[in-house]
Amino acid sequence: EYKLTPKWMEITVGANYRAYRPNSNGTIFSDTSGVVIKNNEWGAYVGLEKRILSDKLKLNATTRVDKNDNFKYLWSPAVSAVYTLNKNHTWRAGFSSAIRNPTLSDQYLYYPVGRAILIGNLTGFDSLVTIPSLLDFYNTQKKDTLDYFNVSPVVPEKVQTIEFGYRTTLFDHIYMDAGYYYSYYQDFIGYKLGADISYIAAANDAKVNKVYRVATNSLDKVTTQGVAIGVSYFFSTFYTLSGNYSWNELDRHGSDDPLIPAFNTPKNKYNLGFGARDMQTNFTLLNKLWNKLPVIPIHNWGFNINYKWVQGFLFEGSPQFTGTIDDYGLLDFQINKHIPKLKTTVKLGSSNILNNLHYEVYGGPLIGRLAYLQLLVELN
């Protein structure tokens, strides 16, 4: 990336390149029998930034082009405006577009999991049968219950997003940031389940050759929207009360497309925290109870206590790893001590300190307490 700073505008140009060379010997990818997977992608972008109205309004426009070996060129423009009335009030609005290339798994995966195969999709599939209609056939023995469908090759996902936000400082102690976004997806990447069968007319029977979970794109409109708000209250020099909340929702607008979106995002979650940093105070309670007890200096200490709650949601993975994640709440704690002479901060803490065993991925392991000790040395 390189930035040019003429007086009239700031200009940013940049590019990136990424080369994938997986070598799984057929364990998870389709790289057997001498097949070598090579996948390259690159992107380039240019951004323009201009400040007007005595630097209160910042305008930004960018555009980007991306290319993957297996897909066409894609453009993604964006514009934004940030208006700062004063140091306490800032508004922002923006329109952006982006692309998401199918992952290596979406393109090249070949992974048998019991009776099904998780498979990438660069070439498409013809005449697969939906699983519900196959079960209906076995129950009714009526051929016309079989529902055949084709799957087009997977292509990059495109999204266009509008966003609005507001940031403020109130009464010199309260900081708040709130934002809303609405995203419209084209070719939303997900999965479909289908069976490759051979229908035997003489016996009115269907032989299941293979069952696939195929990476593919949504045929219909998919949107997401969300709200995030964070508030921090700074008081008594060293202490902070904080909280944040987010709401996210995917809407398929009544589509009957059997796509599995694998959104895997809780609808509601929040954090509540209390902490302090660089404390320069004394603990006097014992001395007040009895003046012969010492005053305990508390210098260069800090701590954080945080409670996180996550609403349960449907986790969609492979066929046997799709199910409900329950609500869970976690308490994290950390204490730290800064040693100026050594330019070192010592941190001792634990996530999920109460050891609330919970699942975050359906089919994954239970997650419990994680304790840690960290040394941070600042050379400058």
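## A buried serine to start with

At 7% relative accessibility, serine 76 counts as buried (buried means under 20% relative accessible area, exposed over 50%, and partly exposed in between, using a 1.4 Å probe and protein chains only). You will find serine 76 in the loop between strand E5 (74-75) and strand E6 (78-86). Helices (H or I, at least four residues) and strands (E, at least two) are DSSP runs, numbered from the N terminus. Leaving aside neighbours within four places in sequence, serine 76 is in contact with Thr62, Thr63, Arg64, Asp66, Ser97 and Ala98, where contact means heavy atoms within 4.5 Å.

Before we go on, here is some background. This is a predicted model, in which local features need pLDDT of at least 70 and side-chain atom pairs count only at pLDDT 80 or more, while totals for chains, interfaces and linings use all residues. Residues are numbered from 1 along each chain as its sequence is written, and side-chain values use heavy atoms, with hydrogens and water left out.

## Salt bridges

How many salt bridges does the count come to? The count comes to eight, a salt bridge being a side-chain nitrogen of Lys or Arg within 4 Å of a carboxyl oxygen of Asp or Glu. Two of the residues that serine 76 touches, Arg64 and Asp66, form one of them: the closest N and O atoms of arginine 64 and aspartate 66 are 2.9 Å apart. Arginine 64 is partly exposed, at 23% relative accessible area, whereas aspartate 66 is buried, at 12%.

Lysine 192 and aspartate 257 also meet through their side chains in a salt bridge, at 3.0 Å from N to O. Lysine 192 belongs to strand E14 and aspartate 257 to the loop between E17 and E18, so this pair ties together parts that are 65 residues apart in sequence. Both lysine 192 and aspartate 257 are buried. In another salt bridge, glutamate 249 joins lysine 267, and their closest N and O atoms are 3.2 Å apart. Glutamate 249 is in strand E17 and lysine 267 in the loop between E17 and E18, so the pair ties together parts that are 18 residues apart in sequence. Glutamate 249 is partly exposed at 27%, and lysine 267 is partly exposed at 36%.

## A hairpin

Now look at strand E14 and its partner E15. They pair in the antiparallel sense over 12 bridges; two strands pair if DSSP finds at least two bridges between them. Tyrosine 191 stands opposite alanine 215 in E15. E14 and E15 form a hairpin with four residues between them, and asparagine 204 in the turn has a positive phi of about 45°.

The largest pocket holds about 440 Å³ of space. On a 1 Å grid over the protein atoms alone, a pocket is an open set of points where a 1.4 Å probe fits, with protein on both sides within 12 Å along at least five of seven lines, and lining residues have an atom within 4 Å of a point. Grid points are joined across faces, edges and corners, and the volume is the space filled by probe spheres set on the points. Of the 27 residues lining the largest pocket, Ala276, Arg277, Asp278, Asn304 and Asn336 are the closest to its centre. Which strand supplies the largest share of this lining? That is E18, with six residues. The lining divides into 10 nonpolar, 13 polar and four charged residues (Ala, Val, Leu, Ile, Met, Phe, Trp, Tyr, Cys and Pro count as nonpolar, Asp, Glu, Lys and Arg as charged, and the others, Gly among them, as polar).

The second largest pocket has about 270 Å³ of space. Its lining has 20 residues, and those nearest its centre are Arg100, Asp106, Ile189, Tyr191 and Ala262. Here E14 gives the most to the lining, with three residues. By class, this lining has 13 nonpolar, three polar and four charged residues.

Glycine 179 is found in strand E13 (residues 174-186) and is buried, at 18% relative accessible area. Apart from neighbours within four places in sequence, glycine 179 is in contact with Arg92, Phe164, Gly165, Gly226, Val227 and Ala228. Glycine 179 and asparagine 121 are 58 residues apart in sequence and 36 Å apart in space, C-alpha to C-alpha.

Serine 232 lies in strand E16 and counts as buried at 17% relative accessibility. Not counting residues up to four places away in sequence, serine 232 touches His173, Ile174, Tyr175, Thr240, Leu241 and Ser242.
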